[in-house]
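Biologist: I am new to this structure and would like to learn how to read it, one feature at a time. Could we look at it together?

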Amino acid sequence: MADMSVAERRNVLAGFHGGSAKVRLTPALPATRVSLRAGADAVAGLSKSLGLKLPTKPKTSASAKGRTAFWIGPDEWFLIDEKGDTLMADCAASGVVHSATDISHRNTAIIVSGPAAADTLNAACPLDLSLAAFPVGAVTRTVFGKIEIILYRVEEETFRVECWRSFAEYAFGMLAEGAEDASL
């Protein structure tokens with residue numbers, strides 16, 4: 001009989017910490033992540049099954065009970081569950097046509113918080129991160145230096161930077177440099 005052991009992936013940013021007097025950089029806790037694609041006719045069924053209303057407008061997000069859904073495109077969402085619940089099973093139970101891919105091991109996240117968080121991100125991200133242009137709850141796929149990220153404004157002075165694991169050290173290093181510059 002084959003050994004049914006499953007390799008446990010370590011957090012690529014384990015042991016990383018950084019920031020400055022005005023910014024804290026913290027690896028986010030492990031989470032379940034799903035890339036979800038579905039037509040407009042499936043939104044209601046998926047929303048009910050997931051326990052939160054999928055956002056349907058650009059730059060929007062929705063959160064409920066430890067779950068967050070980001071609108072990424074007209075038929076695309078990025079789902080995060082910080083409680084470790086299985087998003088895949090809930091998507092499957094929806095009874096509607098969709099495509100759900102578990103990307104939990106592909107992505108990781110960095111929390112950027114503090115009074116200079118927006119300035120830190122602007123060291124390598126071209127977006128206007130003022131509260132008027134990018135309010136609390138706003139989310140977008142964008143560039144950060146040479147990589148693609150999903151940027152989510154959690155609170156006025158807190159952002160979540162989602163990136164691929166393979167780019168995590170690069171993102172953390174760029175954020176650390178930006179934090180130093182933002183504190184000058």
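Biologist: Is Ser 94 buried or exposed?

Modeller: Let me first say that this is a predicted model, in which local features need pLDDT of at least 70 and side-chain atom pairs count only at pLDDT 80 or more, while totals for chains, interfaces and linings use all residues. Residues are numbered from 1 along each chain as its sequence is written, and side-chain values use heavy atoms, with hydrogens and water left out. Buried means under 20% relative accessible area, exposed over 50%, and partly exposed in between, with a 1.4 Å probe and protein chains only. Ser 94 has a relative accessible area of 14%, so Ser 94 is buried.

Biologist: Which residues does Ser 94 touch, not counting residues up to four places away in sequence?

Modeller: Contact means heavy atoms within 4.5 Å, and on that basis Ser 94 touches Gly 45, Leu 46 and Ser 49.

Biologist: Which residues of H4 are buried?

Modeller: Helices are DSSP runs (H or I, at least four residues), numbered from the N terminus. An α-helix has 3.6 residues a turn, so residues three or four places apart point the same way. In H4 the buried residues are Ala 168, Ala 171, Phe 172, Leu 175, Gly 178, Ala 179 and Ala 182. They lie on the same side of H4, because they cover an arc of only 125 degrees around the axis, the arc being that of the directions from the helix axis to the C-beta atoms.

Biologist: Which residues are exposed on the other side of H4?

Modeller: Glu 177, Glu 180 and Asp 181 are exposed there.

Terms used: Helix = DSSP H or I, 4+ residues; strand = E, 2+ residues; numbered from the N terminus.
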